[in-house]
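Colleague: Before I use this model for anything, I would like to go through it with you. Shall we take it one question at a time?

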Amino acid sequence: PQEIDVSPAPSPDLQNCSQYSSCSECLQYFTCGWCNATNECLDGILGGPLLGSCSSDWVFFASLCTGRCSDYSTCLNCTTHVPCGWCGGDEPYCTPGDWAGPTRSSCTSWSWTMADCS
């Protein structure tokens, strides 16, 4: 009888993201993200690092290497920088997110595009 190999398939290799010391260098690799809070490159996905944590300003898009969402102080300025969106209310702020809402928080008034700004 023929033997069947039932061992699990190897997982895809992750990029050793920690070797990169700048946001722009880090984000050349689709498995890496930049944590502005600690200035380090980590293995991750859009929602955050795979291991450990990044308390704020997780960057997964190279277009944000030159600025953080929190750097933008108006809805119009914020929503022109993917993946930033504007969280309105009593104390409005710009934060990472997508069309459905902010990535790491919740808000009652979400603006994802310039057209959403009032």
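Colleague: Are both Cys78 and Cys94 buried or exposed?

Modeller: This is a predicted model, where local features need pLDDT of at least 70, side-chain atom pairs count only at pLDDT 80 or more, and totals for chains, interfaces and linings use all residues. Residues are numbered from 1 along each chain as its sequence is written, and side-chain values use heavy atoms, with hydrogens and water left out. The classes rest on relative accessible area: under 20% is buried, over 50% exposed, and in between partly exposed (1.4 Å probe, protein chains only). By that rule both Cys78 and Cys94 are buried.

Colleague: Which hand does the disulfide of Cys78 and Cys94 have?

Modeller: A disulfide here is a pair of cysteine sulfur atoms within 2.5 Å, and those of Cys78 and Cys94 lie 2.1 Å apart. The S-S torsion of Cys78 and Cys94 is about 80°, so the disulfide is right-handed.

Colleague: How many residues apart are Cys78 and Cys94?

Modeller: Helices (H or I, at least four residues) and strands (E, at least two) are DSSP runs, numbered from the N terminus. Cys78 sits in helix 2 and Cys94 in strand 6 (residues 93-98). The pair therefore links distant parts of the chain, and the separation is 16 residues.

Colleague: What is the torsion about the S-S bond of Cys69 and Cys84?

Modeller: Cys69 and Cys84 form a disulfide with the sulfur atoms 2.1 Å apart. Cys69 lies in the loop between strand 4 (58-59) and helix 2 (75-79), and Cys84 in strand 5 (residues 84-87), so the pair ties together parts that are 15 residues apart in sequence. Both residues are buried. The disulfide is left-handed because the torsion is about -95°.

Colleague: And what is the torsion about the S-S bond of Cys17 and Cys32?

Modeller: The sulfur atoms of Cys17 and Cys32 are joined at 2.0 Å. Cys17 lies in the segment before helix 1 (23-26) and Cys32 in strand 1 (residues 32-35), so the link ties together parts that are 15 residues apart in sequence. Both Cys17 and Cys32 are buried. This disulfide is left-handed because the torsion is about -85°.

Colleague: Which residue is the bridge partner of Trp86 in strand 8?

Modeller: Two strands pair if DSSP finds at least two bridges between them. The open sheet of 4 strands has the order 7-6-5-8 with antiparallel pairing, and its edge strands are strand 7 (101-102) and strand 8 (110-111). Strand 5 and strand 8 are joined by 2 bridges. The partner of Trp86 is Ser111.

Colleague: What is the phi of Asn39?

Modeller: Most residues other than glycine have a negative phi. Asn39 lies in the loop between strand 1 and strand 2 and is exposed, with a relative accessible area of 53%. Although Asn39 is not a glycine, its phi is positive, at about 55°.

Colleague: Which side chain does a polar contact of 3.2 Å join to that of Asn36?

Modeller: A polar contact is a pair of N or O atoms within 3.5 Å; within protein, one must be able to donate a hydrogen and the other to accept it, and residues adjacent in sequence count only if both atoms are side-chain atoms. Asn36 is in the loop between strand 1 and strand 2 (40-45), and at 17% relative accessibility Asn36 counts as buried. At 3.2 Å, the partner side chain is that of Trp34.
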